[in-house]
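This briefing goes through one structure topic by topic. Please have the sequence and the coordinates open while reading.

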2 protein chains.
Amino acid sequence: MTEQKEFLYPLKWLSKASAGDRVTSELRMRIISGMTESGSILSENKLAADFNVSRSPIREALKILASEKIIRLERMGAVVIGLTEKEYAEIYDVRLLIESFVFEQLVSLDTKDLVMELSKILEMMEIAIKYQDADEFSYQDVLFHETIIRAINHSYIMMIWDNLKPVMESLILLSMRSRFKEKYEDFSRIINNHQLYIDAIKTKDRDLMVKSLHQNFDDVQEKVEDLWRSQLMLSKGGEQQND
Amino acid sequence: MTEQKEFLYPLKWLSKASAGDRVTSELRMRIISGMTESGSILSENKLAADFNVSRSPIREALKILASEKIIRLERMGAVVIGLTEKEYAEIYDVRLLIESFVFEQLVSLDTKDLVMELSKILEMMEIAIKYQDADEFSYQDVLFHETIIRAINHSYIMMIWDNLKPVMESLILLSMRSRFKEKYEDFSRIINNHQLYIDAIKTKDRDLMVKSLHQNFDDVQEKVEDLWRSQLMLSKGGEQQND
DNA sequence: ATTATAATACTTGTATACAAGTACACTTGA
DNA sequence: TCAAGTGTACTTGTATACAAGTATTATAAT
């Protein structure tokens, strides 16, 4: 009986969240990090016991995760799908698809306010780097992209983002946490890429946008394996592991 | 107290469905048809009473409809959004976005089996026309597009389709039902457009694909207003209305 | 040993109960 | 007349109970 006391998802982001939301976020992190292995079968009752809640919030969580395609609901139990290389490539596709679409729309809009907002977020990201706050950095990073997408006020593009965002958020969180430990020097490049993105929006330069978009995505998805292992090292702070 | 005895969603499609699914489908139809007006507020308890089920399936339905952006969950009650011209245009955008993407992928795949499958579906559609079965025609029409999308085996494009499909299905159902009554001659053109689409896939002709795609969408979205009114006329079979 | 049948331990979907929170109307006091 | 508080009737989220269905295992018969 391994008692689960540690949580991967930032607890402070869940202050006003329901039990259902908490379970959803935490379960998603465990699946995406690889802590909960692909192929394993989740039982509503077991999860309810693990998380010390009733089946209601668990059912809610499973429905959401199924719509995000990281689990698959079957007659008996939910099968964990997780993210393989194929899914990473697919997420890349969809991000490129929607952000390109958004950019095309932005070209015919006044982007002054947006650029201002993005600059603010970028400065927040720099502060987060300065204080080595990976979670805050991730939050601002996700917010950066969401702000761009939200700018075109398109509810069905937003629908796509709503489904993609939680997975992106988890990926970025895990990726950034390990980088703060291992590849701190990455961040100046990440900041620079985001600045390029802002410039592309400001000057409405399509080529620059596509270039910075690709670089942005690569920054998150370049190192996608062993996220759970690196997460483990992170939380144990280099302790020896006895098993 | 208007007792609700009539259902817009085809009951035979719900034979093995749960109460939650039934409520979801029927509520969606009522919203999209305009029978349940935009701006009105849905109460879980009222809906539970209306549909003679408990709150559990109602909650499930509201969550799904919110993810489809046709209602908005607030602190108290769910606000009906429905589909205005803006949303129609947005759905058009997203369909174009994903189906274009799918076509690009298909170009580098063997589409022989797919073309065969689509031809079969097209023949089914012709039979449905012959016997004036609007619901069966709609079913095959949705299946036609889903089959194309499914062919590239892309789980995150599928995720988008999963969210869009129910709304499309409702729109097509309502649109086709009124056409079978009013504009029967439309169907030869619709069949022709679908045949063009198949040809585009067979010959991998991008221009032809975009052309037939646009025509296909226009066929559904050209006449989008007063769906509920025409639905009413359909069900009353031309009776006089006293109220 | 193999197959058929029955018991079991699960599963899902639904109903219902309840706690905590929120909007709104209705007093009550000035 | 208006402001402040109070009560009522909602709301949501969660827990729990139960019916019906399904896989698995054990038991019995051949």
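Predicted model: local features only at pLDDT ≥ 70, side-chain atom pairs only at ≥ 80, totals over all residues.

How do the residues of the surface near DNA strand D divide into nonpolar, polar and charged? They divide into six nonpolar, seven polar and four charged.

**Surface near DNA strand D**

- Around DNA strand D there are 17 residues, of which Ser18(A), Ala19(A), Val53(A), Ser54(A) and Ser43(B) come nearest.
- Both protein chains take part: at least two residues each are supplied by α1 (19–33) and α3 (55–67) of chain A and by α2 (44–51) of chain B.

**Surface near DNA strand C**

- DNA strand C is surrounded by 16 residues, and the closest are Ser43(A), Ser18(B), Ala19(B), Val53(B) and Ser54(B).
- Two or more residues each come from α2 (44–51) of chain A and from α1 (19–33) and α3 (55–67) of chain B.
- With three residues, α3(B) gives the most to the surface near DNA strand C.
- By class, the surface near DNA strand C has six nonpolar, seven polar and three charged residues.

**Contact of chain A with chain B**

- The contact of the two chains involves 17 residues of chain B and 17 residues of chain A.
- On the side of chain B that touches chain A, α4 (85–107) and α7 (155–182) of chain B each supply at least two residues.
- That side of chain B is made up of eight nonpolar, four polar and five charged residues.

**Domains of chain A**

- Chain A is divided into domain 1, residues 11–80, and domain 2, residues 85–224.
- The C-alpha centres of domain 1 of chain A and domain 2 of chain A are 26 Å apart.
- In the contact between these domains, seven residues of domain 1 of chain A meet six residues of domain 2 of chain A.
- α1(A) provides four residues, the largest share of the side of domain 1 of chain A that touches domain 2 of chain A.
- By class, that side of domain 1 of chain A has three nonpolar, two polar and two charged residues.
- α1 of chain A also supplies at least two residues of the surface near DNA strand D.

**Sheet of chain A**

- Chain A has an open sheet of three strands in the order β1-β3-β2, with antiparallel pairing.
- β1 (41–42) and β2 (71–73) of chain A are the edge strands, and each pairs on one side only.
- β2(A) is joined by three bridges to β3 (residues 78–80) of chain A, and the two strands run antiparallel.
- Opposite Arg72(A) stands Val79(A) in β3(A).

**Sheet of chain B**

- In chain B, three strands form an open sheet in the order β1-β3-β2, and the pairing is antiparallel.
- β1 (41–42) and β2 (71–73) of chain B stand at the edges with a single partner strand each, so one side of each is left without a neighbour in the sheet.
- Two bridges join β1(B) to β3 (residues 78–80) of chain B, and these strands run antiparallel.
- Leu42(B) has Ala78(B) as its bridge partner in β3(B).

**Confidence in chain A**

- The average pLDDT of chain A is 85, and 88% of the residues score at least 70.
- Over residues 234–243 of chain A, pLDDT stays under 50.
- For residues 234–243 of chain A, the model has six contacts beyond four places in sequence.

Notes
Residues numbered from 1 in each chain as written. Chains lettered and ligands numbered in written order. Near = placed C-beta within 6 Å. Nonpolar A, V, L, I, M, F, W, Y, C, P; charged D, E, K, R; others polar. Pairing = 2+ DSSP bridges. pLDDT = per-residue confidence, 0-100. Domains from an automatic or database assignment.
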